[in-house]
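User: I would like to go through the terms used for this model and see what each one rests on. Please start with the surface.

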Amino acid sequence: MSSSPPKSDASIDSQSGLRYRAWYQRGTETPVTAVVKAVACASQVDATELEPLYTAIDPSALNALFERSGSRSTRDWELTFRYAEHTVTIASTGEITVYQAV
């Protein structure tokens, strides 16, 4: 039996500033697309209304991180950056967490 992570979990936590949680699932979209969609959902705007992701992080490098971590020989990692007035953390597990910027 395979259990896949939920695709999203919209919530607001006043203590942590958590706005939105989503999961990138390999093979369905790129990590870049998943991040933009998660931030758009957290912001409650269409993804086309956001500034380009490359203003915050190199999209090719983000995608490459997941390509390299496709084999389980690499260690788990997390990458945190600011984008569109949010703090975004994406993990090697595919979890994307969007926090309200402070």
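Analyst: The chain has an accessible surface of about 6400 Å², and carbon and sulfur atoms hold 48% of that. Such areas come from the Shrake-Rupley method with a 1.4 Å probe; for residues, only the protein chains shown count as cover. This is a predicted model, in which local features need pLDDT of at least 70 and side-chain atom pairs pLDDT 80 or more, while totals for chains, interfaces and linings use all residues. Residues are numbered from 1 along each chain as its sequence is written, and side-chain values use heavy atoms, with hydrogens and water left out.

User: What makes tyrosine 24 and phenylalanine 66 an aromatic pair, and which kind is it?

Analyst: Rings of Phe, Tyr and Trp (its six-membered ring) pair if their centres lie within 6.5 Å; planes under 30 degrees apart are stacked, over 60 edge-to-face, the rest tilted. By this rule there are two aromatic pairs. Tyrosine 24 and phenylalanine 66 lie 4.9 Å apart centre to centre with 70° between the planes, hence edge-to-face.

User: Why is tyrosine 24 called buried?

Analyst: Its relative accessible area is 11%, and buried means under 20% (exposed is over 50%, partly exposed in between; 1.4 Å probe, protein chains only). Phenylalanine 66, at 3%, is buried too.

User: What kind of pair do phenylalanine 66 and tryptophan 77 form?

Analyst: Phenylalanine 66 and tryptophan 77 are edge-to-face, with 5.1 Å between centres and 70° between planes. Both residues are buried. Tyr24, Phe66 and Trp77 form one aromatic cluster.
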